[in-house]
Amino acid sequence: MRASNICSISCYSPTMTLGFQPSLLDACDIRLGSLAGLRRITLSRGAWVDLLPSWVAGADELFTSLVQDIPWRAERREMYDHTVDVPRLLHMYGVGADLPHPVLAEARDALSRHYAPELGEPFVTAGCCYYRDGHDSVAWHGDRIGRARSHDTMVAIVSLGSPRKLLLRPKGGSVEHSFAVGHGDLLVMGGSCQRTWEHAVPKTSRPTGPRISVQFRPVNVF
């Protein structure tokens, strides 16, 4: 029996009581760096990942702002014969929606310009996930709803807050890559990555602070 995609949603009002530890190297002025330092890692089956540490300067200040300004939602989803809590908070900014901070709009536009020769279209949506502590997670998956089921595409992730491991494995295989992303790091999954590979943010028993993931996608990619 397959899990249902049906979910219920409730509003959530976060408070700043979590153990977030800002980076001592982070600047207060929120701004983007250059994309010239992107490093590409070639995967199998036509997939690849681009990495750029600390793309967002002032990332910890941006994190604090987004915790308060994004209307986070807690979801519950039917899974087999049970209704379970989705282990993270969520919000989606669709096509044409105003983003909660100007630097996110700048990031979306900068990524659209940089990847235009490969992607051929702009990033237009911004999905936001709030991992409050090590108990929050996302299971193995690929963003294969919509056009990504049959076409190469890209998902660009800006990570803010405390670093968490993002794992990558070939579809049905074992873990081959682990990236600890946070404090303004950029990770872009491209080529066939959503179809032929899977990614996850696993739970951890180690003490860890909160993290926000902002995922920029083209139209009709989920």
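Strand E12 (residues 164-170) and strand E15 (residues 197-201) run antiparallel and are joined by four bridges. Welcome to this predicted model, where local features need pLDDT of at least 70, side-chain atom pairs count only at pLDDT 80 or more, and totals for chains, interfaces and linings use all residues. Residues are numbered from 1 along each chain as its sequence is written, and side-chain values use heavy atoms, leaving out hydrogens and water.

**The four-stranded sheet**

- E12 and E15 belong to an open sheet of four strands with antiparallel pairing, in the order E10-E15-E12-E13.
- Strand E10 (138-141) and strand E13 (177-181) each have a single partner strand, so one side of each is left without a neighbour in the sheet.
- On average, neighbouring strands of this sheet are turned by 15° against each other, direction ignored; axes here are lines fitted to C-alpha atoms.
- Pro170 stands opposite Trp197 in E15.
- As for terms, strands are DSSP runs of E with at least two residues, numbered from the N terminus, and two of them pair if DSSP finds at least two bridges between them.

- Most residues other than glycine have a negative phi.
- Arg45 is not a glycine, yet has a positive phi of about 60°.
- Arg45 sits in the loop between strand E3 (39-42) and strand E4 (47-52), and counts as exposed at 51% relative accessibility.
- Asn220 also has a positive phi, near 60°.
- Asn220 lies in the segment after strand E16 (211-217) and is partly exposed, with a relative accessible area of 36%.
- Exposed means over 50% relative accessible area, buried under 20%, and partly exposed in between (1.4 Å probe, protein chains only).

Notes
Axes fitted to C-alpha atoms, helices over the stretch in contact; angles between N-to-C directions.
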